Number of protein chains: 2
Amino acid sequence: MQERMDQIKKQLHTENFKLTPQREATLRVLLENEEAHLSAEEIFMLVKQKASDIGLATVYRTLDLLCDLKIIEKLNFGDGVARYEFRSEDHPHHHHHLICLKCGSLFEIEDLLDDLEERVERDHKFKIVDHRVSFLGYCFSCLAKEGN
Amino acid sequence: MQERMDQIKKQLHTENFKLTPQREATLRVLLENEEAHLSAEEIFMLVKQKASDIGLATVYRTLDLLCDLKIIEKLNFGDGVARYEFRSEDHPHHHHHLICLKCGSLFEIEDLLDDLEERVERDHKFKIVDHRVSFLGYCFSCLAKEGN
DNA sequence: CTACATGCAAATTGTTTGCAGTGTT
DNA sequence: AACACTGCAAACAATTTGCATGTAG
């Protein structure tokens with residue numbers, strides 16, 4: 001985790017961005033909650049809890065910057081807030097989300113679309129560079145509760 | 001097209017909703033642009049162009065109503081506006097979108113996920129009721145232009 | 001030092017809501 | 001007459017921006 005942090009610091013440096021305490025704190029929160037799909041507001045509050053003072057606008061600006069640098073990715077689950085996800089190398093960016101319509105929990109599953117993409121590219125003469133996939137439904141524990 | 005219109009009118013009636021000129025005009029715009037994935041604002045302007053007076057809030061309320069009635073579907077392409085799509089019977093609601101990152105054009109392709117969904121349900125104990133899929137990339141004509 | 005970054009508050013954007021007035025049944 | 005429906009404007013929530021000040025390099 002620290003190595004990842006250092007690597008990003010170096011990347012910021014190389015591209016002539018300053019490494020401010022706010023940026024570092026934001027990155028740290030992101031790294032410590034890699035699985036959480038935090039929103040800007042949530043990141044903002046987590047950074048503030050760590051005593052680090054920061055403004056919401058700065059969080060947004062930092063997240064934009066990290067998106068530009070391809071360090072994180074902006075996600076949209078249709079709930080009205082943008083969420084952000086780390087692009088770690090073991091986790092390149094192709095995986096899918098299962099969203100429970102009952103309890104709102106979110107699961108990640110492996111990518112299943114590779115061969116499908118090939119077919120789409122061939123059939124529709126369309127060069128695919130990314131995809132966004134969410135499955136909506138009911139998770140195991142909600143099914144168990146409801147018997148539904 | 002008129003038959004579809006009449007059918008919807010009847011449905012509204014059956015469910016005790018009034019068929020106001022505003023609702024009719026909104027529906028007509030939706031029907032006349034079935035392929036367009038219009039936003040609320042776009043629908044609003046198209047209705048006004050047809051001389052029919054309407055308020056933006058009414059458009060939103062009508063779209064909400066039509067969503068509740070499963071006549072249309074609210075879509076999210078991550079561009080910050082909700083878009084709406086007709087649910088015609090030949091077009092039930094499971095299909096995917098190809099979004100060109102260059103020119104922004106949008107293509108629809110057939111559903112390809114049925115067997116994949118079965119696998120996900122089995123492997124993850126998750127009851128899928130819907131999915132949202134978009135492929136991002138470059139369309140044929142942009143590829144041709146750029147040579148990219 | 002000096003350009004880039006920040007904080008704050010005001011501005012924007014998309015959407016929702018309250019309410020008084022209107023129109024269908 | 002009752003009640004759903006409308007328009008308008010105000011309210012909202014998420015995000016962006018302008019600007020005076022602060023600070024990393």
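Cys103(A) touches Cys139(A) and Cys142(A), when residues up to four places away in sequence are not counted; contact here means heavy atoms within 4.5 Å. The model is predicted: local features need pLDDT of at least 70, side-chain atom pairs count only at pLDDT 80 or more, and totals for chains, interfaces and linings use all residues. Residues are numbered from 1 along each chain as its sequence is written, chains are lettered from A and ligands numbered from 1 in the order in which they are written, and side-chain values use heavy atoms, with hydrogens and water left out.

The three cysteines named above belong to a group marked in a record. An unreviewed UniProt entry gives the annotation "binding site" to Cys100(A), Cys103(A), Cys139(A) and Cys142(A). These four span 43 residues in sequence, but no two of their C-alpha atoms are more than 8.3 Å apart, so they gather at one spot. UniProt positions are given in the numbering used here, feature names are shortened, and annotations may be inferred rather than shown by experiment.

Two of the four can be followed further. Cys103(A) sits in the loop between β4 (95-100) and β5 (106-110) of chain A, while Cys139(A) sits in the loop between β6 (127-138) and α6 (140-146) of chain A. Helices (H or I, at least four residues) and strands (E, at least two) are DSSP runs, numbered from the N terminus. Is Cys139(A) buried or exposed? Cys139(A) is buried, with a relative accessible area of 2%, and Cys103(A) is partly exposed, at 45%. Buried means under 20% relative accessible area, exposed over 50%, and partly exposed in between, with a 1.4 Å probe and protein chains only. Apart from neighbours within four places in sequence, Cys139(A) is in contact with Cys100(A), Cys103(A), Ser105(A) and Phe107(A), and also with Lys125(B) and Phe126(B).

Leu98(B) is buried, with a relative accessible area of 1%. With neighbours within four places in sequence left aside, Leu98(B) has contacts that include Val120(A), His124(A) and Phe126(A), as well as Phe107(B) and Phe135(B). Thr14(B) is 84 residues from Leu98(B) in sequence and 37 Å from it in space, C-alpha to C-alpha.

Chain A is divided into domain 1 (1-86) and domain 2 (96-145), with bounds that come from an automatic or database domain assignment. The C-alpha centres of these two domains of chain A lie 25 Å apart. Where the domains meet, six residues of domain 1 of chain A are in contact with six residues of domain 2 of chain A.

Helix α4 of chain A holds Val59(A), which is buried, with a relative accessible area of 0%. Not counting residues up to four places away in sequence, Val59(A) touches Ala40(A), Ile43(A), Phe44(A) and Ile54(A).

Which residues are closest to DNA strand C? Of the 19 residues that surround DNA strand C, the closest are Thr20(A), Thr58(A), Arg61(A), Tyr60(B) and Ala82(B); a residue is near a strand if one of its heavy atoms lies within 4 Å of it. Sugar and phosphate make up 68% of the atoms of DNA strand C that come within 4 Å of the protein. A phosphate oxygen of DNA strand C lies 2.5 Å from an N or O atom in the side chain of Tyr60(B), and one lies 3.0 Å from a polar side-chain atom of Arg23(A). A polar contact is a pair of N or O atoms within 3.5 Å; within protein, one must be able to donate a hydrogen and the other to accept it, and residues adjacent in sequence count only if both atoms are side-chain atoms. Two or more residues of the surface near DNA strand C come from each of α2 (21-32) and α4 (56-68) of chain A and α4 (56-68) of chain B. The largest share, four residues, comes from α4(B).

DNA strand D is surrounded by 20 residues, the closest being Tyr60(A), Thr20(B), Gln22(B), Arg23(B) and Thr58(B). Sugar or phosphate supplies 73% of the atoms of DNA strand D within 4 Å of the protein, and bases supply the rest. An N or O atom in the side chain of Tyr60(A) is 2.4 Å from a phosphate oxygen of DNA strand D, and for the side chain of Thr58(B) the distance is 2.2 Å. For the surface near DNA strand D, the largest share, four residues, comes from α4(A).
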